[in-house]
Amino acid sequence: EEPSAGRLVAALVEAFPETFDDRHRLRGVEVKFFKKAQLVVGELHHRFRAEDPRFDFADAGALTAYVDNVVCAMAVMEGAVVLEPPLAAKIEAGEPLPSGSEEEVALRAAALRACEEAAAALGIHACEVGNFLWGVHGKKPSHRAFPRHATPDTVFY
């Protein structure tokens, strides 16, 4: 059987749900982020695909952006996600957004959508957009000061 990023993500979520099962409901719709599981699989693919065929996933491009508060903040900073004033005020004030709350899930979903749209426009994978927002853009000293939402009751990011 051909190695599959999607199957490995699903296996991690099933085997270690308390660590990887990052799914929520938003207005009756199930939203699956699986941020940590996708991050693990993406890192295995990028690090080992050339030397170990088990990690050369043909479907690696289907991995989404690994959306956490940094990716959300950078998407907001760049104008790809526009916050409603009450949510912006909460984030500015450092008020926590509980894990699985409508605000937290909607914000992460909006950032994920923004990454998907940017990836399509650039001809790259969404996980690459997310990696740039998190690992390059989000590390700049001037960008680190931009307000990020706080979700202290999550283990998913």
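Predicted model: local features only at pLDDT ≥ 70, side-chain atom pairs only at ≥ 80, totals over all residues.
Two packed helices are described by the angle between their axes and the distance between the axes.

| Helix pair | Axes come within | Crossing angle |
|---|---|---|
| α4 (residues 69-77) and α6 (residues 102-122) | 9 Å | roughly 65° |
| α6 and α7 (residues 126-135) | 8 Å | roughly 115° |
| α4 and α7 | 8 Å | roughly 90° |

The axes of α4 and α6 cross at roughly 65°, and angles of 65 to 115 degrees count as roughly perpendicular, so α4 and α6 are described as roughly perpendicular to each other. Helix α4 passes α6 in a left-handed crossing. On the side of α4 the contact is made by Val71, Cys72, Ala75 and Val76, and on the side of α6 by Leu107, Arg108, Ala111 and Cys115. Sorted by class, this contact of α4 with α6 holds 7 nonpolar residues, no polar residues and 1 charged residue.

For the pair formed by α6 and α7, the axes come within 8 Å and cross at roughly 115°, which makes α6 roughly perpendicular to α7. The crossing of α6 and α7 is right-handed. Here Cys115, Glu116, Ala118 and Ala119 of α6 meet Ala126, Val129, Gly130 and Leu133 of α7. By class, the contact of α6 with α7 comprises 6 nonpolar residues, 1 polar residue and 1 charged residue.

The contact of α4 with α7 is made up, by class, of 5 nonpolar residues, 1 polar residue and no charged residues.

Leu97 is found in the loop between α5 (85-93) and α6, and Leu97 counts as buried because its relative accessible area is 0%, where buried means under 20%. Leaving out residues up to four places away in sequence, Leu97 touches Leu87, Lys90, Glu103, Glu104, Leu107, His149, Ala150, Thr151 and Asp153. One of these partners, Leu107, is 10 residues from Leu97 along the chain, and the C-alpha atoms of Leu97 and Leu107 are separated by 10.0 Å.

## Strand β2 and the loops on either side

Arg27 is found in the loop between β1 (23-26) and β2 (29-32). The phi angle of Arg27 is near 50°, a positive value in a residue other than glycine, and Arg27 is exposed, with a relative accessible area of 69%.

Within strand β2 itself lies Val31, which counts as buried at 15% relative accessibility. Apart from neighbours within four places in sequence, Val31 is in contact with Asp22, Arg23, His24, Leu26 and Val105. By contrast, Val31 and His137 are 106 residues apart in sequence and 26 Å apart in space, taken from C-alpha to C-alpha.

Phe34 is found in the loop between β2 and α3 (35-48). The phi angle of Phe34 is also positive, near 45°, in a residue other than glycine, but Phe34 counts as buried at 12% relative accessibility.

## Ser4, in the segment before α1

Ser4 is found in the segment before α1 (5-15), and Ser4 counts as buried at 13% relative accessibility. A polar atom of the Ser4 side chain lies 3.3 Å from the backbone nitrogen of Gly6. Not counting residues up to four places away in sequence, Ser4 touches Phe57 and Asp59.

Methods
Residues numbered from 1 in each chain as written. Heavy atoms only, no water. Axes fitted to C-alpha atoms, helices over the stretch in contact; angles between N-to-C directions. Helix = DSSP H or I, 4+ residues; strand = E, 2+ residues; numbered from the N terminus. Parallel < 35°, antiparallel > 145°, perpendicular 65-115°, else oblique. Left-handed = near helix turned anticlockwise from the far one by under 90°. Contact = heavy atoms within 4.5 Å. Nonpolar A, V, L, I, M, F, W, Y, C, P; charged D, E, K, R; others polar. Buried < 20%, exposed > 50% of the residue type's maximum accessible area, 1.4 Å probe, protein only. Polar contact = N/O pair within 3.5 Å; in protein donor to acceptor, adjacent residues only side chain to side chain.
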